[in-house]
Amino acid sequence: MLNYPSLMNILSKITWIRWLFRDPLPVDHQDLVLDVGCGGNPHPRADVLCDKFIEDSQRPSTLKVDDRPFILADAEKLPFRDKSFDFLVSRHIIEHIREPERFLNESMRISRKGGLITAPSSTWEKFFPFRYHLWLIKVENNQLVFVRKEREVFDEELSQFFHTYRGPLRYIVGQIWTQLHRDALEVRFLWKNKIRYQIHRANNTTQEKNNNPIQNSKELPKIGINHRSFLLTYLRRALYGSRKFNYEDLLVCPFCKSNFRKKSKSFYCVNCHYHFPVIKNIPILLNNRTY
Ligand SMILES: [Zn+2]
């Protein structure tokens, strides 16, 4: 039976193929690439994967890992050394971030050359009610412009088009339609050296608490992880090869950016004296109050 998750899985494979042929990243073979907020569909060219959540109600597909290093970390406090990567990919995460300037500054800090940021455009927000998106995003004069989404801009009449279809067909038609009109619906921002941006927010929105449900849990995350299919892993390696590096050498404390001392089951910050656990080979480089 074709349910919603399996449908998303098929669609993610189509996206993967699209990357190969339509959207190669502007990187050299030896460049080290980080995918921030990789979610259920990590970029095939990425060398290191990073996401804040194992499970996330805001994400349509489940997290998938493979043979690449995966790190649980916050995009606003990235646990990597200055200029530790050549290129950063972040797809459809920035519209969820409360303080996007923190992520943008972290991106400039850790990337040597630049990166690619994609997000749904403010036009796309009119077609679908993206309740969790905090920002209307567009590119103007080579700057990323964020306008705080204070109320829904979703247009009931525009969305009626998709309501003609029922069940899975509605998602399929929606996906095909968004692919066909991607240039209008998706912001694709390639940056080099520096990210130019403007953020417009109402005064009362800066102090909000992050209300993600996982945020309140004090327990360590239960890591039940889905592995990507062997075929995709093999294809990825065949197409992109692999680069020699030890990801542990790239890591620093997400809070004070000091060096770690590697312990058997944790990373210990020599400055904050905090032990960050490693569970099932995944470094949990978050504050324990935030997952
Ligand atoms: Zn520290």
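Trainee: Which residue in strand 6 is the bridge partner of Phe85?
Mentor: This is a predicted model, in which local features need pLDDT of at least 70 and side-chain atom pairs count only at pLDDT 80 or more, while totals for chains, interfaces and linings use all residues. Residues are numbered from 1 along each chain as its sequence is written. Strands are DSSP runs of E with at least two residues, helices are runs of H or I with at least four, and both are numbered from the N terminus. In strand 6, the bridge partner of Phe85 is Ser111.

Trainee: How many bridges join strand 5 and strand 6, and is the pairing parallel or antiparallel?
Mentor: Strands pair through backbone hydrogen bonds, in either a parallel or an antiparallel sense. Here, two strands count as paired if DSSP finds at least two bridges between them. Strand 6 covers residues 111-120, and its pairing with strand 5 has six bridges and is parallel.

Trainee: At about what angle does helix 2 run to strand 6?
Mentor: Helix 2 lies across both strand 5 and strand 6. Axes are lines fitted to C-alpha atoms, for helices over the stretch in contact, and angles between N-to-C directions run from 0 to 180 degrees. For helix 2 and strand 6 the angle is about 150°.

Trainee: How many of the residues of strand 5 are buried?
Mentor: A residue is buried if 20 or more other C-beta atoms, placed from the backbone, lie within 10 Å of its own; 12 or fewer makes it exposed, and anything in between partly exposed. Strand 5 (residues 85-91) is mostly covered, and its buried count is six of seven.

Trainee: Which residue of strand 5 is the bridge partner of Leu34?
Mentor: Strand 1 (residues 33-36) runs parallel to strand 5, and three bridges join them. Leu34 has as its partner in strand 5 the residue Leu88.

Trainee: Which strands are the edges of the open sheet of ten strands?
Mentor: The order in this sheet is 9-6-5-1-2-4-15-14-13-12, with mixed pairing. The twist averages 20° from one strand to the next. The strands that pair on one side only are strand 9 (186-192) and strand 12 (260-262).

Trainee: Which residue in strand 4 is the bridge partner of Asp51?
Mentor: Strand 2 (residues 48-51) and strand 4 (residues 70-73) are parallel, with three bridges between them. The partner of Asp51 in strand 4 is Leu72.

Trainee: Which residues touch the most other members of the largest nonpolar core?
Mentor: A nonpolar core is a set of buried Ala, Val, Leu, Ile, Met, Phe, Trp, Tyr and Cys residues joined through C-beta atoms within 7 Å. Cys50 touches Leu34, Asp35, Val36, Cys38, Ile71 and Ala73, leaving aside residues up to four places away in sequence; contact means C-beta atoms, placed from the backbone, within 7 Å. In the core of 50 residues, the members with the most such neighbours are Leu34 and Cys50.

Trainee: Why does one side of strand 7 and of strand 10 lack a neighbour in the sheet?
Mentor: Three strands form an open sheet of mixed pairing in the order 7-8-10. Strand 7 (135-140) and strand 10 (197-200) stand at its edges, so each has a single partner strand.

Trainee: Which residue in strand 8 stands opposite Trp135?
Mentor: Strand 7 and strand 8 (residues 143-148) are antiparallel and joined by six bridges. Opposite Trp135 stands Arg148.

Trainee: Is His92 buried or partly exposed?
Mentor: His92 is in the loop between strand 5 and helix 2. Its phi is positive, about 50°, although His92 is not a glycine. With 19 other C-beta atoms within 10 Å, His92 is partly exposed.

Trainee: What separates the C-alpha atoms of Pro44 and Arg237?
Mentor: Pro44 is in the loop between strand 1 and strand 2. It is buried, with 23 other C-beta atoms within 10 Å. Pro44 and Arg237 are 193 residues apart along the chain, and their C-alpha atoms are separated by 8.6 Å.

Trainee: Over which residues is the pLDDT below 50?
Mentor: pLDDT is the predictor's confidence in each residue, from 0 to 100. The chain averages 82, and 79% of the residues score at least 70. The stretch below 50 has eleven contacts beyond near neighbours in sequence, and covers residues 206-218.

Conventions
Two residues are in contact if their C-beta atoms, placed from the backbone, lie within 7 Å.
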